[in-house]
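Please look over the sequence and the model shown here. A short report follows, one topic at a time.

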Amino acid sequence: MDAIFIIQQTILFTIPLMIVGLGGVFSERSGIINLALDGEMVIGAFAGAIVAKLVIASNPALANAQWLFLVCLLISAAAGALFSLLLSFAAINLKADQTIEGTALNMIAPAIVCMIGLLSFNSERIFSGANFVILKSSYSPSFQQAFDGPMGWFFDLFFNNIYISTYIIVILYVLLSVWLYKSKIGTHLRACGEHPQAAASVGINVYRMRYLGATISGALAGIGGFAYITTCAATTAESSVGGLGFLALAIMIFGNWNPLFIALGAVFFGFLKCLGVLSSQISWISAANLPSYFYNIIPYAVVILVLILTRSKSGCPKAEGIPYEKGER
Amino acid sequence: MKKSFILLSSALLTASILAGCNKNKEPVEIAVVTDVGQLMDGGFNQGTYEGAKKYAEAHKIAYNYYAPANGSKATDADREAAMNSAIENGAKVIVAPGFLQEKAMRNVAQANPDVKFVFVDGWNLGLKNITAISYKEEEAGYMAGYAVTKEGYTKLGGTFGGGGSNPACNRFSYGFIQGANDAATAMGKTVEYKMSFKNGSSFSASTELQTQISGWYKAGTEVVFSCGGSMVNSVIAAAQSYENAKIVGVDTDQAALSPKIITSATKGLAVSVEKVLGEFYDGKWDAQLADKTSKLGAADNATGLPTADGSWRFKTFTKEEYKTLFDGIAKGSITIDSKTPENMNTQEVWTAIDEKLTAATISFEA
């Protein structure tokens with residue numbers, strides 16, 4: 001079992017957690033608790049898979065077309081964003097309880113998916129037939145030679161057995177994180193999660209900022225959902241993403257609402273989950289003779305520990321979950 | 001606004017009541033009450049329904065299906081309600097697939113002794129108006145294991161659902177390794193077999209399962225038997241990363257899911273339902289079916305591998321060899337041990353099997 005394999009598998013665990021966690025940040029930093037991340041992932045994954053299915057059904061040769069992968073990611077972002085508007089509308093315009101609304105959306109998402117699936121495809125499971133992985137054999141012969149060169153490990157790691165979603169999501173993650181902290185709009189958005197009245201007093205439209213935050217959140221969750229089903233279920237959407245949205249939420253809190261710590265947290269979770277699975281396959285780990293549960297428990301135990309230790313320095317946005325009333329102080 | 005909403009909802013209500021009154025005048029004699037999941041699930045429900053449909057259409061008998069309310073979360077009460085509405089519509093025989101139907105079927109069958117029940121993939125419930133159908137999954141597993149070994153693969157794997165306590169999955173797994181062992185013995189070779197229930201307890205796809213199976217393919221495993229619902233999606237995801245990786249599907253012909261699926265260990269739900277309905281209408285209920293379990297296998301054409309052109313993906317193993325194998329099992333000249341322990345998710349069970357099967361080396365991943 002070589003290091004490249006472990007790194008690549010860790011990445012597959014990490015990427016959806018990371019981007020969905022960042023989605024949580026955008027929503028909560030603007031002042032809206034987004035418990036609906038899981039539901040948004042389900043909707044995003046489902047919408048992307050339907051598009052992939054329809055395109056591939058009309059032309060099977062497109063089953064590994066990377067542009068189709070891109071289109072599907074965009075569609076899933078749009079679907080996630082659209083679905084998140086239900087949360088924004090209830091939370092911002094109707095001033096509903098955001099926790100309850102998020103829970104309701106998590107319950108309705110699988111139901112919507114089942115209904116559309118059954119009505120249109122006679123199945124709750126959308127099997128697209130896509131195969132978006134990029135292997136060494138898909139490159140030109142001259143480029144394939146690079147894999148055998150002295151830098152072979154580098155090409156193996158970054159160009160063989162990869163999904164473009166990994167790179168897209170990493171770039172998106174960096175750009176959006178910088179934008180949230182360095183741009184004017186990003187600062188405005190964060191202000192709305194800390195003290196919306198103060199933000200409003202300097203002319204920031206709190207409603208608009210909260211809509212923006214929650215919508216970006218939904219879009220990122222949708223992308224995460226589609227990346228998840230592509231890498232782990234051969235682009236087959238079901239009414240569940242295995243509770244990954246909740247795990248991402250936990251990682252967001254673990255990362256103290258800070259993109260850098262969230263990314264590290266996601267890598268940490270991903271690596272230990274990966275070790276848990278592979279513990280019996282890697283000789284130096286199985287030599288320790290610990291049950292795989294051990295590796296699965298560590299991340300959760302660490303989360304509890306970190307939360308206890310950092311409770312006085314919580315980065316939780318002060319105004320999150322509180323509906324904004326115009327004119328209230 | 002408010003008024004129009006009230007009008008609209010009352011109109012909908014009236015419409016639904018009227019729809020409820022629209023009773024079929026003709027009694028619907030054959031009823032299928034579905035298991036969780038949808039009717040056209042490409043597996044269980046679909047197979048059962050198609051069998052009932054085929055028999056009913058051939059003999060001009062009215063048939064219909066009833067899906068219990070609440071879909072995947074249907075309760076026993078939902079199933080009872082579905083069975084009762086089937087009886088109200090004149091059902092003489094109710095065919096219901098899936099072990100979840102046990103309690104509802106027992107209750108409704110006790111209350112309606114004149115109605116007959118067919119418990120697909122079930123067992124005897126001690127009532128004269130219930131018959132059960134179960135399958136010799138070990139035969140289908142055996143054929144698949146035998147075929148892939150004859151094809152030339154010697155490094156096999158199997159990932160199974162149900163956490164070691166699902167009888168069907170257990171029989172598939174035990175049959176598969178026996179088939180591989182026997183083929184290897186005949187060829188004077190040995191096979192390596194990796195076996196796990198680790199990430200299949202909920203029969204669903206997961207990154208964990210994908211990583212585990214990727215690890216196997218990475219380490220040289222050539223064919224993985226994926227036995228359990230949506231798990232196949234993760235196995236496909238893993239296989240897509242390895243040029244030569246192959247998969248064995250399960251229950252129905254899964255060739256359409258991926259070019260990686262070399263064959264599928266199938267059980268013929270449709271065939272068996274058709275057969276039992278035929279026996280019922282021929283008046284053989286009391287003699288052959290009442291409170292009995294029909295254990296169906298190759299002899300009844302209820303287990304096998306798909307041989308349609310698009311699904312037959314072997315290059316070395318021929319259809320003639322398959323025919324010989326199938327006939328051998330059907331006629332009983334090839335015997336397969338079907339005694340699986342209740343819990344197969346233990347090292348001890350597989351160590352014992354390993355010792356018994358001389359041409360196979362089994363490593364069990366807990």
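## The sheet of chain B

This model is predicted. In chain B, seven strands form an open sheet with mixed pairing. Their order is β12-β10-β9-β8-β6-β7-β13. Two strands sit at the edges: β12 (303–304) and β13 (360–365) of chain B. Each of these edge strands pairs on one side only.

Now take one pair inside the sheet. Strand β9 (residues 246–251) of chain B runs parallel to strand β10 (residues 261–267) of chain B. Five bridges join the two strands. Within this pair, B:Gly249 stands opposite B:Ser264 in β10(B). A helix also packs on the sheet: α12 (residues 347–356) of chain B. Helix α12 of chain B touches β7 (191–196) and β13 of chain B. The direction of this helix makes about 175° with that of β13(B).

## Two packed helices

Two packed helices are described by the angle between their axes and the distance between the axes. Here the pair is helix α2 (residues 44–58) and helix α9 (residues 269–281), both of chain B. They pack at an angle of about 40°, and their axes are 7 Å apart. Because of that angle, α2(B) counts as oblique to α9(B). The crossing of α2(B) and α9(B) is right-handed.

Which residues of α2(B) and α9(B) meet? From α2(B) come B:Phe44, B:Gly47, B:Thr48, B:Glu50, B:Gly51, B:Ala52, B:Lys54 and B:Tyr55. From α9(B) come B:Leu269, B:Ala270, B:Val271, B:Ser272, B:Val273, B:Glu274, B:Leu277 and B:Gly278. The residues of this contact of α2(B) with α9(B) divide into eight nonpolar, five polar and three charged.

## Two domains in chain B

How many residues of domain 1 of chain B are in contact with domain 2 of chain B? Six residues of domain 1 are in contact with seven residues of domain 2. On the domain 1 side, the residues divide into one nonpolar, three polar and two charged.

## Where the chains meet

Chains A and B are also in contact. Chain A gives 30 residues to this contact, and chain B gives 29 residues. On the side of chain A, the elements that give two or more residues are α1 (3–29), α4 (98–121), α10 (206–232) and α12 (259–278) of chain A.

The residues on this side of chain A divide into 15 nonpolar, eleven polar and four charged.

Key: Residues are numbered from 1 along each chain as its sequence is written. Chains are lettered from A and ligands numbered from 1 in the order in which they are written. This is a predicted model: local features need pLDDT of at least 70, side-chain atom pairs count only at pLDDT 80 or more; totals for chains, interfaces and linings use all residues. Helices (H or I, at least four residues) and strands (E, at least two) are DSSP runs, numbered from the N terminus. Ala, Val, Leu, Ile, Met, Phe, Trp, Tyr, Cys and Pro count as nonpolar, Asp, Glu, Lys and Arg as charged, and the others, Gly among them, as polar. Axes are lines fitted to C-alpha atoms, for helices over the stretch in contact, and angles run from 0 to 180 degrees between N-to-C directions. Angles under 35 degrees count as roughly parallel, over 145 as roughly antiparallel, 65 to 115 as roughly perpendicular and the rest as oblique. A crossing is left-handed if the near helix is turned anticlockwise from the far one by less than a right angle, and right-handed if clockwise. Two strands pair if DSSP finds at least two bridges between them.
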